[in-house]
Amino acid sequence: MHKVCSRLHGPALLGKTDPWNSLDACVKFHKGGGVICQKSAMKHTPPVLPQIPPFDFKPEPYQGMSKDRLLDIRKHNCNPMTMKVTYYKKPVFINQGYMQWLWDVDGRRYLDLFAGIVTVSVGHCNPKVTETAEKQLRRLWHTTAIYVNPQMQEYAEKLASLLPDPLKVVYFTNSGSEANDLAVLMARLHTGNFDVITLRGSYHGGSPQAMGLTSNTQYKYPVPSSMGCHNTMCPDVFRGLWGGSHCRDSPVQTIRECSCSPGHCQANDMYIRELKEMFATTVPSRIAAFFTEPIQGIGGAVQFSKNYLKDTYQLVREKGGICIADEVQTGFGRTGSHFWGFQGHNVLPDMVTMAKGIANGFPMGAVVTTAEIARSFAKGVHFNTFGGNPLACAVASSVLDTIKEDKMQENSAEVGTYLLTELAKLRDKYEIIGDVRGKGLLIGVEMVKDKTFRIKPPMCITKDDADFFLAVFNQAVHNYMERR
């Protein structure tokens, strides 16, 4: 028996119940307007799908609370928002993970194509990272940054070595929101200016300050949070006012017609004109910063018109501002072609923020900036109790080693490009699929009714796993089209 369950917001878990041959394709969608919706599953008998790829790992049997008890606690004792994001009529109860695979409390195995919101970079419980964490747990968990511990200094040097000059000064935090808060504060102090510009559709965190940077209604509350934060038109060459089939840096282009001449993106000229209009009408003559993701993550893997960031960085610096790249989702080799997303735009930011994949799910974030900006910030006392603790730094250091040793950036390029190319064939096959976009293993599939299917798996995913996903996704869309 097969079943296909369509749900909101993001990527997928694909799995089967061992040892049976039944298959669950749990497909989650992100709606551009931020509305959470849920449609009922429909049982049917489609053609036989490929078997889930074999994997030599036996999970431990679950012996904890019943699912009913877990859900009751979730409803009454946990953040009520967790119930809003509990997709499926029957929620998935995850018990264990290993590399790109997850197991629920019933022993059912799933292919993880979301990586804990783009956080599990090198695989669940990656054995190399796990071994490092266990060793550090037996040595030292936490001490204050007032004292010197080898892990913090060793990791700071290793991380800085992966960034171009002059980005060599590292500040450690515990999350991406924290890192982005700190970056805004540093930008305002260094420039002496206040106003910050972001793009519409952006997401930069859930703290009060980061909420101001975020331009997505779903994540905002009716409280003051946006003082000095402004958003400009996103240069989305698929959904935006301008764009075409030669306008973005991706193995797959839009199907919109394009009149651009070789080497020149006319759509970019129009989006830059909108930015200049904002400079002329909305912000003071001097600004603090321009803040953007190299590829929008929660916004739907949105890519910009060619040269947009390059032209924008120049305009921002002319206004006295600094340029900040939010690499929380795009960093650490996920885009395949480069280790950092900003490198794909041929720009050099003044500050880079990062989190999520930095430590494979362990709470950690960082800001990397120049010595000049760091000196401006040193006029006061900044301290972070947990940021850069020995355990976090040991884990993050092991993640960097694993990405390099296991060639995960190269795998992101190879498997990601394959996925994009094959998904583009499905776009041409099904009218409901409007766009396929992204780089490496940061992929978006936009449905014509304003929904985006976000595919951002652990970077250890294989081509066989990709084929399994493609077959299930193809069947899910086919079933939907038949019902419609």
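Buried means under 20% relative accessible area, exposed over 50%, and partly exposed in between, with a 1.4 Å probe and protein chains only. By that rule, helix α9 (residues 308-318) buries Tyr308, Leu309, Thr312, Tyr313, Leu315 and Val316. Helices (H or I, at least four residues) and strands (E, at least two) are DSSP runs, numbered from the N terminus.

This is a predicted model: local features need pLDDT of at least 70, side-chain atom pairs count only at pLDDT 80 or more, and totals for chains, interfaces and linings use all residues. Residues are numbered from 1 along each chain as its sequence is written, and side-chain values use heavy atoms, with hydrogens and water left out.

Start with the whole chain. It holds 13 helices and 17 strands. Of its 484 residues, 57% are buried. Contact means heavy atoms within 4.5 Å. Take the contacts between residues at least 6 apart in sequence: 71% of them join residues at least 24 apart.

Now turn to the sheet. Seven strands form an open sheet in the order β8-β14-β13-β12-β11-β9-β10, and the pairing is mixed. Two strands pair if DSSP finds at least two bridges between them. From one strand to the next, the twist averages 20°. Angles run from 0 to 180 degrees between N-to-C directions, with axes as lines fitted to C-alpha atoms, for helices over the stretch in contact.

Strand β9 (residues 196-199) runs parallel to β10, and four bridges join them. Leu199 sits opposite Thr232 of β10.

Helices cover these strands. Helix α6 (residues 176-191) packs on the sheet and touches β8, β9, β10, β11 (289-292), β12 (322-326), β13 (351-354) and β14 (365-369). Its direction makes about 165° with that of β13. Helix α8 (residues 266-281) lies across β9 and β10, at about 150° to β10. The buried residues of α9 pack against β9, β10, α8, β11 and β12. Just after α9, Gly320 has a positive phi of about 85°.

Is Thr232 buried or exposed? Thr232 belongs to strand β10 (residues 229-232). Thr232 is buried because its relative accessible area is 3%. Which residues does Thr232 contact, leaving aside neighbours within four places in sequence? They are Ile197, Thr198, Leu199, Arg200, Glu274, Leu275, Met278 and Tyr308. Of these, Tyr308 is one of the buried residues of α9.
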